[in-house]
Amino acid sequence: MADFLANYSIQKWLESCPQGYLEDTVYGHGPDESEPAELLQNDDYREQQIRTTVQLIAGERCALAASSGLVNAAPDQASKTFLATQTLDEGRHVEIFTQRLYDLGVKPNDLETTIKTYINPHLGKFAEVLLEKIDKKDFVAGVVGQNIVLEGMAFSVFEMLHAGAEASNPKFAHTLSGTIADERRHVGFGENRIGELIRRYPEKKPEVQRMQREMTKHMLATFHEAFARNGSPAEARTGAPQKDRAGPTYQGLNLAEASNEEMESALSATVLKEFKTRLGRIGLEYQSPN
Amino acid sequence: MTDPLELPTSARRPRQTFELEETGFNEVPKRFRRFYRRWRGAGDKLGPNEALCPVCKVVIRSTKELRAGDRVYCMPCMSRLELVEEEGMLIAKVIY
C-alpha cells in the first residue's frame, strides 16, 4: 500500500506533464498551430465550435472546483498531493479551452456572457450533484463523482472530439491529446484509490450509487441536448469531408457522415459501457437512470 | 505426452526476449517511455510481450514475453495489474 500511494508524487507529475507531453506547447498545442481558416470564415461552423468549447469549459470549471475541494477532504497526504496536481491539471484545462474561445473570436470581455448563452443547462445540474458531495467533504462519493463519472465521461467525449479533429484541425486535436493524457491519471487515481476504500467502507455503496444514477441522468440529457442543437451537416462538426477519402471514425462510426442521433447513440453507449466496467471493477453496481 | 504446465519451471520453454524501441509515447518520464505505446483501436493486436491496461487503454510493453500470473505497472494511470488467462487470451486485471 505504501508503495502504491508513493506513486502520487509531484516529482512524477513534473516529469510526465510539464517536462513530458506539454514540453514546447503553447496552450496545449504547437506554437505554430492555429484554428483552420475554413472554420473561422464559416459563421455556422464557428458558432458550433464555440458552443462545444463552452461545454468543455463548464465541465472543466466543475472539475476544478471538485478537485480543489477534495484536497481538504482527502484522508491521507498522498491523495492530497495527487489532488493538488489534478487541481493544476483542471485549472490548465479551463485556461486552454478558454483560450480556444478567444482563438475562435470571442472577446475576453464577452467570455462570461458567451458561456451563459451557450451552456447546456443539464451540464449545470450534473455539476450540482457532484459539488454537493464535495461541499459535504464526502471523499468517497466525491472521488467517484469526479474521477470516475465526470472524468470517465470527459475521457470518451475528448476521444470522440479528437477523432473528429485529428485530420481537420490538428491544433484542437493536440490540445485534446494533452487533456486525454491528464484524464488517464485522473481515472487511474479514481479507480485505484476508491477501489481500495470501497472495500474498506462497503456501507458507502448505496449512497454513491444513487449519486452515480443522478449524474448519469443529467449526462445523458446533456448529450441529447448537445446533439439536438448541432442541427447540422456533418461538415459543421468535423470540417469539410474530403471526397474519396475515408472520414474520421469513432467506435466504428464515420463521423463525417453520421447523423446527430447516431453520434449521440455511439457516445452514450460508449460512456455507459465504460461506467459499468469501471464501477464493476471497484465493487459498485451501475445504476441506470431509467 | 507431458503437460507443459506440470513441468518444473526450469523445464518450461524459456521466455522470448524483445528489444523495445521508442514508440512516440510521451506521457511518462523519458526513461520509461519505451515501455508503453498508444492503443490503436479495434484493429490493433497485442504482441506476446504486451498487455492492454483496462483503466486507461495504454499498451504496456515488456522486454520479456508476458505470461499469466505476471504483475505489470501502468505508469500513465498508476494502476498495478496482474495478468490472467481468460478464453485463451491474456487479460490484465487491476489490483486494488
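Colleague: Let's start with K133(A): buried or exposed?
Modeller: In this predicted model, K133(A) has a relative accessible area of 12%, and because the cut-off for buried is under 20%, K133(A) counts as buried.

Colleague: And which side chain does K133(A) meet in a salt bridge?
Modeller: The partner is E207(A), and the N to O distance between the two side chains is 3.1 Å.

Colleague: How accessible is E207(A), then?
Modeller: E207(A) has 26% relative accessibility and therefore counts as partly exposed, while K133(A), as said, is buried.

Colleague: What about D182(A), which residue does it form a salt bridge with?
Modeller: D182(A) forms one with R92(A), where the closest N and O atoms are 3.1 Å apart. Here too the pair links distant parts of the chain, with D182(A) in helix 9 (residues 170-200) of chain A and R92(A) in helix 5 (residues 77-103) of chain A, 90 residues apart.

Colleague: Are those two, D182(A) and R92(A), buried or exposed?
Modeller: Both D182(A) and R92(A) are buried.

Colleague: How many salt bridges are there over all chains?
Modeller: The count over all chains comes to 33 salt bridges, and one of the pairs is K30(B) with E23(A), whose side chains meet at 3.8 Å, N to O. That pair crosses between chains, from K30(B) in the segment before strand 1 (36-38) of chain B to E23(A) in the loop between helix 2 (10-21) and helix 3 (37-40) of chain A.

Colleague: Is K30(B) buried or exposed?
Modeller: K30(B) counts as exposed because its relative accessibility is 53%, whereas E23(A), at 41%, counts as partly exposed.

Colleague: Changing topic, how many residues does the contact take from chain B and from chain A?
Modeller: The contact takes 22 residues from chain B and 26 residues from chain A. The area buried between the two chains is about 2000 Å², and carbon and sulfur atoms give 51% of that area. On the chain B side, E27(B), M78(B) and Y96(B) lose the most area to chain A, and together they make up 38% of what that side buries.

Colleague: Which residue does E27(B) meet in a salt bridge?
Modeller: The side chain of E27(B) meets that of R184(A), at 2.7 Å from N to O. Between chain B and chain A the count is four salt bridges, and there are ten residue pairs in polar contact, counted where both residues have pLDDT 80 or more. By class, the side of chain B that touches chain A has 13 nonpolar, two polar and seven charged residues.

Colleague: One last thing, how many disulfides does the structure hold over all chains?
Modeller: The structure holds zero disulfides over all chains. C53(B) is in no disulfide, and the nearest cysteine sulfur, belonging to C77(B), is 3.6 Å away. C74(B) is likewise in no disulfide, and the nearest cysteine sulfur, that of C56(B), is 3.5 Å away.

Technical notes: Residues are numbered from 1 along each chain as its sequence is written. Chains are lettered from A and ligands numbered from 1 in the order in which they are written. This is a predicted model: local features need pLDDT of at least 70, side-chain atom pairs count only at pLDDT 80 or more; totals for chains, interfaces and linings use all residues. Side-chain values use heavy atoms; hydrogens and water are left out. A disulfide is a pair of cysteine sulfur atoms within 2.5 Å. Contact means heavy atoms within 4.5 Å. Buried area is the accessible area (1.4 Å probe) that two parts lose on being put together, summed over both. A polar contact is a pair of N or O atoms within 3.5 Å; within protein, one must be able to donate a hydrogen and the other to accept it, and residues adjacent in sequence count only if both atoms are side-chain atoms. Ala, Val, Leu, Ile, Met, Phe, Trp, Tyr, Cys and Pro count as nonpolar, Asp, Glu, Lys and Arg as charged, and the others, Gly among them, as polar. Helices (H or I, at least four residues) and strands (E, at least two) are DSSP runs, numbered from the N terminus. Buried means under 20% relative accessible area, exposed over 50%, partly exposed in between (1.4 Å probe, protein chains only).
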